[in-house]
Amino acid sequence: MVDNAYILDNGGYSIKVEHSRAKEPKIIPNCIMKAKSERRRLFVGDQVEECRDASGLFYLLPFQKGLLINWDYQKTVWDYVFSKECCPSNFSETPVIITEPYFNFASIQEATAEIFFEEYECQSFLRMNAGSLSEYHYRHENPNALCCLVIDSGYSFTHIAPYIKGKKQKNEIKRINVGGKILTNHLKEIISYRQLHVMEETYVMNQVKEDTCFVSVDYMADMATARKKYPGNDIVRDYILPDFTNLRRGYAQTLDQPPVTEQQKLRLNNERFAVPELLFTPSDIGINEMGIAEAVIDSVQACPEEARSHLYKNIILTGGCALFPGFKERLYKDVRASAPDEYEVHITLPPNPITYAWHGGKLISKDPEFYSFVVTKEEYEEEGSPILMERFDN
(Lines give C-alpha, C1' and ligand atoms only; values in the text may rest on other atoms or scores of the structure.)
Protein backbone atom coordinates (compact mmCIF):
# COMPACT_ATOMS: atom_id res chain seq x y z
CA MET A 1 0.00 0.00 0.00
CA VAL A 2 1.35 3.40 -1.05
CA ASP A 3 1.05 6.61 0.89
CA ASN A 4 1.06 8.70 -2.28
CA ALA A 5 1.26 7.92 -6.02
CA TYR A 6 1.37 10.15 -9.08
CA ILE A 7 -1.49 9.18 -11.42
CA LEU A 8 -1.27 10.24 -15.07
CA ASP A 9 -4.24 9.23 -17.22
CA ASN A 10 -2.62 10.20 -20.52
CA GLY A 11 -5.53 10.49 -22.98
CA GLY A 12 -5.39 11.64 -26.60
CA TYR A 13 -7.52 14.71 -25.84
CA SER A 14 -6.82 15.45 -22.19
CA ILE A 15 -4.49 14.41 -19.39
CA LYS A 16 -6.11 13.64 -16.03
CA VAL A 17 -3.36 14.08 -13.45
CA GLU A 18 -2.88 14.48 -9.70
CA HIS A 19 -1.34 12.80 -6.67
CA SER A 20 -3.48 10.03 -5.18
CA ARG A 21 -4.02 12.15 -2.04
CA ALA A 22 -6.06 14.64 -4.09
CA LYS A 23 -9.85 14.36 -4.24
CA GLU A 24 -10.09 15.10 -7.97
CA PRO A 25 -7.55 15.25 -10.81
CA LYS A 26 -6.63 18.28 -12.87
CA ILE A 27 -7.82 17.97 -16.49
CA ILE A 28 -5.22 19.41 -18.89
CA PRO A 29 -5.62 19.47 -22.71
CA ASN A 30 -3.00 17.11 -24.16
CA CYS A 31 -1.87 19.45 -26.92
CA ILE A 32 0.09 22.56 -27.84
CA MET A 33 -1.81 25.38 -29.50
CA LYS A 34 -0.79 28.28 -31.71
CA ALA A 35 -3.04 31.34 -32.00
CA LYS A 36 -3.31 33.78 -34.90
CA SER A 37 -3.54 36.67 -32.43
CA GLU A 38 -0.31 35.80 -30.59
CA ARG A 39 2.05 34.36 -33.16
CA ARG A 40 5.17 34.25 -31.03
CA ARG A 41 3.76 32.26 -28.19
CA LEU A 42 2.86 28.57 -27.89
CA PHE A 43 0.10 27.64 -25.46
CA VAL A 44 0.75 24.31 -23.72
CA GLY A 45 -2.16 22.44 -22.13
CA ASP A 46 -4.44 24.69 -20.09
CA GLN A 47 -2.36 27.80 -20.87
CA VAL A 48 -4.89 28.26 -23.69
CA GLU A 49 -7.04 29.98 -21.03
CA GLU A 50 -4.53 32.86 -21.23
CA CYS A 51 -5.02 33.25 -24.99
CA ARG A 52 -6.82 36.52 -25.73
CA ASP A 53 -8.46 35.35 -28.97
CA ALA A 54 -9.00 31.61 -29.36
CA SER A 55 -10.51 31.77 -32.86
CA GLY A 56 -8.55 29.90 -35.51
CA LEU A 57 -6.36 28.00 -33.03
CA PHE A 58 -3.89 25.61 -34.63
CA TYR A 59 -3.36 22.33 -32.74
CA LEU A 60 -0.12 20.36 -32.36
CA LEU A 61 -1.19 16.93 -31.11
CA PRO A 62 1.06 14.23 -29.59
CA PHE A 63 -1.57 11.58 -30.46
CA GLN A 64 -2.65 10.65 -33.98
CA LYS A 65 -5.39 8.03 -34.47
CA GLY A 66 -5.21 7.25 -30.76
CA LEU A 67 -1.49 6.44 -30.64
CA LEU A 68 1.34 8.52 -29.23
CA ILE A 69 3.55 9.34 -32.21
CA ASN A 70 4.95 12.83 -31.65
CA TRP A 71 7.35 12.60 -28.74
CA ASP A 72 8.53 16.22 -28.95
CA TYR A 73 4.99 17.52 -28.45
CA GLN A 74 4.24 14.98 -25.71
CA LYS A 75 7.47 15.75 -23.86
CA THR A 76 6.66 19.50 -23.99
CA VAL A 77 3.21 18.85 -22.52
CA TRP A 78 4.61 16.49 -19.84
CA ASP A 79 7.32 19.02 -18.88
CA TYR A 80 4.58 21.58 -18.33
CA VAL A 81 2.30 19.14 -16.44
CA PHE A 82 5.11 18.06 -14.07
CA SER A 83 6.26 21.65 -13.46
CA LYS A 84 5.53 23.80 -10.41
CA GLU A 85 2.86 25.78 -12.25
CA CYS A 86 0.68 22.72 -12.93
CA CYS A 87 1.04 19.50 -10.94
CA PRO A 88 4.59 19.22 -9.52
CA SER A 89 6.01 15.72 -9.21
CA ASN A 90 8.66 14.09 -7.10
CA PHE A 91 9.35 10.91 -9.04
CA SER A 92 12.36 9.97 -6.93
CA GLU A 93 9.95 9.16 -4.07
CA THR A 94 6.55 8.78 -5.70
CA PRO A 95 5.53 5.82 -7.87
CA VAL A 96 3.95 6.73 -11.24
CA ILE A 97 0.82 5.13 -12.70
CA ILE A 98 0.43 5.98 -16.40
CA THR A 99 -2.31 4.85 -18.79
CA GLU A 100 -1.99 3.70 -22.39
CA PRO A 101 -4.51 2.71 -25.09
CA TYR A 102 -5.38 -0.92 -25.83
CA PHE A 103 -3.20 -2.57 -28.51
CA ASN A 104 -0.41 -0.05 -27.96
CA PHE A 105 2.80 -0.65 -29.94
CA ALA A 106 5.79 -2.11 -28.09
CA SER A 107 8.03 0.68 -29.45
CA ILE A 108 5.75 3.31 -27.81
CA GLN A 109 5.72 1.36 -24.54
CA GLU A 110 9.51 1.13 -24.50
CA ALA A 111 9.99 4.83 -25.31
CA THR A 112 7.55 5.84 -22.54
CA ALA A 113 9.41 3.74 -19.94
CA GLU A 114 12.75 5.08 -21.13
CA ILE A 115 11.62 8.71 -20.76
CA PHE A 116 10.23 8.14 -17.25
CA PHE A 117 13.14 6.09 -15.92
CA GLU A 118 15.99 7.93 -17.61
CA GLU A 119 14.84 11.51 -18.12
CA TYR A 120 12.40 11.99 -15.25
CA GLU A 121 14.39 9.64 -12.95
CA CYS A 122 11.29 7.84 -11.80
CA GLN A 123 11.90 5.16 -9.11
CA SER A 124 8.86 2.93 -9.72
CA PHE A 125 6.45 2.76 -12.62
CA LEU A 126 3.13 1.08 -13.49
CA ARG A 127 1.66 1.13 -17.00
CA MET A 128 -1.99 0.12 -17.49
CA ASN A 129 -4.88 0.53 -19.91
CA ALA A 130 -7.31 3.22 -18.81
CA GLY A 131 -10.08 0.61 -19.21
CA SER A 132 -8.31 -1.70 -16.73
CA LEU A 133 -8.26 1.10 -14.13
CA SER A 134 -11.98 1.69 -14.81
CA GLU A 135 -12.65 -2.03 -14.32
CA TYR A 136 -10.69 -2.00 -11.04
CA HIS A 137 -12.72 1.01 -9.88
CA TYR A 138 -16.01 -0.71 -10.83
CA ARG A 139 -15.01 -3.95 -9.09
CA HIS A 140 -14.09 -1.98 -5.97
CA GLU A 141 -17.59 -0.45 -5.89
CA ASN A 142 -19.34 -3.72 -6.88
CA PRO A 143 -17.39 -6.51 -5.15
CA ASN A 144 -19.96 -9.13 -6.24
CA ALA A 145 -19.48 -8.37 -9.94
CA LEU A 146 -17.57 -11.30 -11.45
CA CYS A 147 -17.33 -9.70 -14.88
CA CYS A 148 -17.47 -6.22 -16.33
CA LEU A 149 -17.75 -4.73 -19.83
CA VAL A 150 -15.93 -1.40 -20.09
CA ILE A 151 -17.03 0.94 -22.90
CA ASP A 152 -14.44 3.68 -23.26
CA SER A 153 -15.62 6.23 -25.82
CA GLY A 154 -12.87 8.83 -26.03
CA TYR A 155 -11.26 11.26 -28.44
CA SER A 156 -9.82 8.99 -31.14
CA PHE A 157 -11.90 5.85 -30.88
CA THR A 158 -14.27 3.74 -28.82
CA HIS A 159 -13.21 0.47 -27.17
CA ILE A 160 -15.49 -2.27 -25.85
CA ALA A 161 -13.43 -4.41 -23.46
CA PRO A 162 -14.74 -7.42 -21.50
CA TYR A 163 -13.12 -8.38 -18.18
CA ILE A 164 -13.70 -11.74 -16.49
CA LYS A 165 -12.67 -11.98 -12.82
CA GLY A 166 -10.49 -8.89 -13.26
CA LYS A 167 -8.66 -10.27 -16.32
CA LYS A 168 -9.06 -8.52 -19.66
CA GLN A 169 -10.12 -10.73 -22.55
CA LYS A 170 -7.67 -9.42 -25.15
CA ASN A 171 -9.09 -11.28 -28.15
CA GLU A 172 -12.65 -10.11 -27.47
CA ILE A 173 -11.85 -6.36 -27.25
CA LYS A 174 -13.54 -4.41 -30.06
CA ARG A 175 -12.38 -1.05 -31.41
CA ILE A 176 -14.57 1.38 -33.37
CA ASN A 177 -12.65 4.18 -35.09
CA VAL A 178 -15.14 6.84 -34.03
CA GLY A 179 -14.59 9.21 -31.12
CA GLY A 180 -14.95 12.85 -30.18
CA LYS A 181 -12.46 14.04 -32.82
CA ILE A 182 -14.44 12.66 -35.78
CA LEU A 183 -17.67 14.08 -34.33
CA THR A 184 -16.17 17.59 -34.04
CA ASN A 185 -14.73 17.38 -37.58
CA HIS A 186 -18.07 16.18 -38.97
CA LEU A 187 -19.90 19.04 -37.24
CA LYS A 188 -17.39 21.53 -38.72
CA GLU A 189 -18.05 20.14 -42.22
CA ILE A 190 -21.84 20.31 -41.87
CA ILE A 191 -21.84 23.87 -40.50
CA SER A 192 -19.29 25.03 -43.12
CA TYR A 193 -21.48 23.59 -45.89
CA ARG A 194 -24.79 24.93 -44.57
CA GLN A 195 -24.03 28.21 -42.82
CA LEU A 196 -20.60 29.60 -42.06
CA HIS A 197 -17.01 28.58 -42.84
CA VAL A 198 -15.73 27.10 -39.55
CA MET A 199 -13.16 24.57 -40.76
CA GLU A 200 -10.39 26.34 -38.84
CA GLU A 201 -12.46 26.80 -35.67
CA THR A 202 -11.81 23.42 -34.02
CA TYR A 203 -11.66 24.90 -30.50
CA VAL A 204 -14.99 26.74 -30.79
CA MET A 205 -16.79 23.94 -32.69
CA ASN A 206 -15.70 21.44 -30.06
CA GLN A 207 -17.47 23.64 -27.49
CA VAL A 208 -20.56 23.86 -29.76
CA LYS A 209 -20.61 20.04 -29.86
CA GLU A 210 -20.28 19.76 -26.06
CA ASP A 211 -22.93 22.42 -25.40
CA THR A 212 -25.63 21.39 -27.88
CA CYS A 213 -25.30 17.78 -29.13
CA PHE A 214 -27.25 14.83 -27.72
CA VAL A 215 -27.82 11.18 -28.64
CA SER A 216 -31.26 10.51 -30.07
CA VAL A 217 -33.19 7.66 -28.47
CA ASP A 218 -35.59 7.60 -31.47
CA TYR A 219 -33.72 8.92 -34.51
CA MET A 220 -36.61 8.89 -37.03
CA ALA A 221 -39.00 10.63 -34.62
CA ASP A 222 -36.42 13.35 -33.87
CA MET A 223 -35.77 13.78 -37.62
CA ALA A 224 -39.52 14.29 -38.15
CA THR A 225 -39.56 16.92 -35.36
CA ALA A 226 -36.52 18.69 -36.85
CA ARG A 227 -38.41 19.15 -40.16
CA LYS A 228 -41.14 21.19 -38.46
CA LYS A 229 -41.12 24.94 -37.92
CA TYR A 230 -40.67 26.44 -34.46
CA PRO A 231 -42.51 26.11 -31.99
CA GLY A 232 -43.53 22.66 -33.28
CA ASN A 233 -39.80 21.92 -33.43
CA ASP A 234 -38.36 21.83 -29.89
CA ILE A 235 -34.91 20.65 -31.10
CA VAL A 236 -33.76 23.79 -32.93
CA ARG A 237 -31.38 26.11 -31.02
CA ASP A 238 -29.39 29.26 -31.70
CA TYR A 239 -25.77 29.07 -30.62
CA ILE A 240 -24.29 32.47 -29.81
CA LEU A 241 -20.64 32.38 -30.85
CA PRO A 242 -17.93 33.89 -28.63
CA ASP A 243 -16.17 37.08 -29.73
CA PHE A 244 -13.38 36.68 -27.11
CA THR A 245 -13.84 40.29 -25.95
CA ASN A 246 -17.18 40.26 -24.14
CA LEU A 247 -17.92 36.55 -24.46
CA ARG A 248 -15.28 33.88 -23.78
CA ARG A 249 -17.45 30.81 -24.42
CA GLY A 250 -20.56 30.60 -26.56
CA TYR A 251 -23.95 29.36 -25.36
CA ALA A 252 -27.15 27.88 -26.76
CA GLN A 253 -30.58 29.45 -26.48
CA THR A 254 -34.12 28.62 -27.62
CA LEU A 255 -35.71 30.68 -30.39
CA ASP A 256 -38.22 32.36 -28.05
CA GLN A 257 -35.43 34.17 -26.16
CA PRO A 258 -34.65 37.75 -27.20
CA PRO A 259 -32.28 37.76 -30.21
CA VAL A 260 -28.65 38.73 -29.65
CA THR A 261 -27.83 41.23 -32.40
CA GLU A 262 -24.17 42.09 -31.90
CA GLN A 263 -22.87 38.48 -31.81
CA GLN A 264 -22.54 35.96 -34.65
CA LYS A 265 -24.72 32.91 -34.22
CA LEU A 266 -25.29 29.45 -35.67
CA ARG A 267 -28.70 27.82 -36.00
CA LEU A 268 -28.50 24.16 -35.04
CA ASN A 269 -31.29 21.76 -35.87
CA ASN A 270 -30.84 18.09 -36.83
CA GLU A 271 -27.01 18.46 -36.48
CA ARG A 272 -27.56 18.29 -32.74
CA PHE A 273 -28.35 14.56 -32.85
CA ALA A 274 -27.14 13.55 -36.35
CA VAL A 275 -23.48 14.09 -35.33
CA PRO A 276 -23.39 11.82 -32.20
CA GLU A 277 -25.45 9.27 -34.20
CA LEU A 278 -22.15 8.28 -35.85
CA LEU A 279 -21.22 6.44 -32.63
CA PHE A 280 -24.13 4.08 -33.27
CA THR A 281 -24.13 4.04 -37.09
CA PRO A 282 -20.63 4.94 -38.42
CA SER A 283 -21.75 3.80 -41.89
CA ASP A 284 -23.73 7.10 -42.15
CA ILE A 285 -20.50 8.79 -43.27
CA GLY A 286 -18.99 5.79 -45.02
CA ILE A 287 -17.02 4.29 -42.12
CA ASN A 288 -17.46 0.60 -42.78
CA GLU A 289 -17.68 -0.55 -39.14
CA MET A 290 -20.31 -1.62 -36.65
CA GLY A 291 -21.77 0.82 -34.13
CA ILE A 292 -21.32 0.62 -30.35
CA ALA A 293 -24.42 -1.50 -29.65
CA GLU A 294 -23.48 -4.10 -32.31
CA ALA A 295 -19.89 -4.20 -31.02
CA VAL A 296 -21.17 -4.82 -27.46
CA ILE A 297 -23.22 -7.82 -28.64
CA ASP A 298 -20.31 -9.08 -30.76
CA SER A 299 -17.82 -8.78 -27.89
CA VAL A 300 -20.06 -10.45 -25.28
CA GLN A 301 -21.10 -13.29 -27.60
CA ALA A 302 -17.39 -14.04 -28.23
CA CYS A 303 -16.84 -14.58 -24.48
CA PRO A 304 -17.46 -17.90 -22.66
CA GLU A 305 -21.18 -18.61 -22.28
CA GLU A 306 -21.08 -18.66 -18.46
CA ALA A 307 -19.73 -15.08 -18.41
CA ARG A 308 -22.26 -13.49 -20.77
CA SER A 309 -25.09 -12.85 -18.30
CA HIS A 310 -22.59 -11.14 -15.92
CA LEU A 311 -21.16 -9.00 -18.73
CA TYR A 312 -24.57 -7.74 -19.86
CA LYS A 313 -25.42 -6.95 -16.23
CA ASN A 314 -22.21 -4.96 -15.60
CA ILE A 315 -21.68 -2.50 -18.45
CA ILE A 316 -19.80 0.66 -17.45
CA LEU A 317 -19.53 3.80 -19.62
CA THR A 318 -16.36 5.92 -19.55
CA GLY A 319 -14.75 8.57 -21.75
CA GLY A 320 -15.91 12.01 -22.85
CA CYS A 321 -18.51 10.83 -25.41
CA ALA A 322 -20.46 9.14 -22.58
CA LEU A 323 -21.38 12.68 -21.43
CA PHE A 324 -23.76 13.21 -24.37
CA PRO A 325 -27.34 13.40 -22.99
CA GLY A 326 -29.24 10.27 -24.06
CA PHE A 327 -26.09 8.15 -24.64
CA LYS A 328 -26.87 5.65 -21.88
CA GLU A 329 -30.60 5.40 -22.75
CA ARG A 330 -29.92 4.83 -26.45
CA LEU A 331 -27.26 2.21 -25.75
CA TYR A 332 -29.61 0.40 -23.36
CA LYS A 333 -32.42 0.45 -25.94
CA ASP A 334 -30.21 -0.92 -28.75
CA VAL A 335 -28.43 -3.56 -26.63
CA ARG A 336 -31.69 -4.70 -25.05
CA ALA A 337 -33.25 -5.12 -28.51
CA SER A 338 -30.38 -7.33 -29.74
CA ALA A 339 -29.30 -9.25 -26.62
CA PRO A 340 -30.89 -12.64 -25.87
CA ASP A 341 -34.09 -12.21 -23.78
CA GLU A 342 -32.85 -14.35 -20.88
CA TYR A 343 -30.06 -11.88 -20.05
CA GLU A 344 -30.60 -8.84 -17.88
CA VAL A 345 -28.98 -5.67 -19.28
CA HIS A 346 -27.72 -3.03 -16.87
CA ILE A 347 -25.60 0.00 -17.80
CA THR A 348 -23.80 2.26 -15.30
CA LEU A 349 -22.90 5.85 -16.15
CA PRO A 350 -20.58 7.26 -13.45
CA PRO A 351 -21.04 10.88 -12.27
CA ASN A 352 -17.89 11.81 -14.22
CA PRO A 353 -16.93 9.27 -16.91
CA ILE A 354 -13.83 11.33 -17.83
CA THR A 355 -12.10 10.96 -14.45
CA TYR A 356 -13.38 7.43 -13.66
CA ALA A 357 -10.13 5.72 -14.74
CA TRP A 358 -8.03 8.22 -12.73
CA HIS A 359 -10.03 7.32 -9.59
CA GLY A 360 -9.35 3.65 -10.42
CA GLY A 361 -5.64 4.51 -10.31
CA LYS A 362 -6.16 6.15 -6.93
CA LEU A 363 -7.76 2.93 -5.62
CA ILE A 364 -5.10 0.63 -7.11
CA SER A 365 -2.35 2.69 -5.41
CA LYS A 366 -3.97 1.73 -2.07
CA ASP A 367 -4.00 -1.98 -2.96
CA PRO A 368 -1.89 -3.96 -0.44
CA GLU A 369 -0.21 -5.72 -3.40
CA PHE A 370 0.54 -2.50 -5.28
CA TYR A 371 4.32 -2.95 -5.20
CA SER A 372 4.04 -6.36 -6.85
CA PHE A 373 2.49 -4.65 -9.92
CA VAL A 374 5.15 -1.96 -10.48
CA VAL A 375 8.60 -2.12 -12.07
CA THR A 376 11.37 -0.35 -10.13
CA LYS A 377 14.27 1.54 -11.65
CA GLU A 378 16.74 -1.16 -10.47
CA GLU A 379 14.71 -3.90 -12.18
CA TYR A 380 14.51 -1.83 -15.35
CA GLU A 381 18.28 -1.18 -15.37
CA GLU A 382 19.02 -4.87 -14.79
CA GLU A 383 16.56 -6.45 -17.19
CA GLY A 384 15.48 -3.68 -19.60
CA SER A 385 12.19 -3.68 -21.48
CA PRO A 386 11.44 -7.46 -21.24
CA ILE A 387 10.54 -6.99 -17.55
CA LEU A 388 7.97 -4.33 -18.57
CA MET A 389 6.34 -6.66 -21.10
CA GLU A 390 6.31 -9.56 -18.68
CA ARG A 391 4.78 -7.63 -15.78
CA PHE A 392 2.39 -5.21 -17.46
CA ASP A 393 1.08 -7.11 -20.45
CA ASN A 394 -0.08 -10.02 -18.35
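This tour of a predicted model moves through its aromatic pairs, its charges over rings and its salt bridges.

Start with the rings. The whole structure contains 19 aromatic pairs. Select Tyr6 and Phe91: their rings pair edge-to-face, with 5.2 Å between centres and 85 degrees between planes. Tyr6 belongs to strand S1 (residues 6-10), while Phe91 sits in the loop between helix H1 (71-81) and strand S9 (96-100), 85 residues apart. Tyr6 and Phe91 are both buried. Now extend the selection to Trp78, Phe82, Phe116, Phe117, Tyr120, Phe125, Tyr380 and Phe392, which ring pairs link with Tyr6 and Phe91 into a cluster.

Next, select Arg175 and Phe157. The charged end of Arg175 sits over the Phe157 ring, 4.2 Å from its centre. Go on to Arg330, whose charged end sits over the ring of Phe280 at 4.6 Å from the centre.

Turn to the salt bridges, of which the structure holds 18. Select Glu100 and Arg127, where the closest N and O atoms are 3.2 Å apart. This pair links strand S9, which holds Glu100, to strand S10 (residues 124-129), which holds Arg127, 27 residues apart. Glu100 counts as buried at 12% relative accessibility, and Arg127 counts as buried at 3%.

Then select Arg194 and Glu271, a salt bridge with its closest N and O atoms 3.1 Å apart. Arg194 is in helix H4 (residues 180-194) and Glu271 in helix H7 (residues 271-274), so the pair ties together parts 77 residues apart in sequence. Which residue is partly exposed at 49% relative accessibility? That is Arg194; Glu271 is buried, at 4%.

How values were computed: Residues numbered from 1 in each chain as written. Predicted model: local features only at pLDDT ≥ 70, side-chain atom pairs only at ≥ 80, totals over all residues. Heavy atoms only, no water. Phe/Tyr/Trp six-rings, centres within 6.5 Å; stacked < 30°, edge-to-face > 60°. Helix = DSSP H or I, 4+ residues; strand = E, 2+ residues; numbered from the N terminus. Buried < 20%, exposed > 50% of the residue type's maximum accessible area, 1.4 Å probe, protein only. Lys NZ or Arg CZ within 6 Å of the ring centre and 35° of its normal. Salt bridge = Lys/Arg side-chain N within 4 Å of Asp/Glu carboxyl O.
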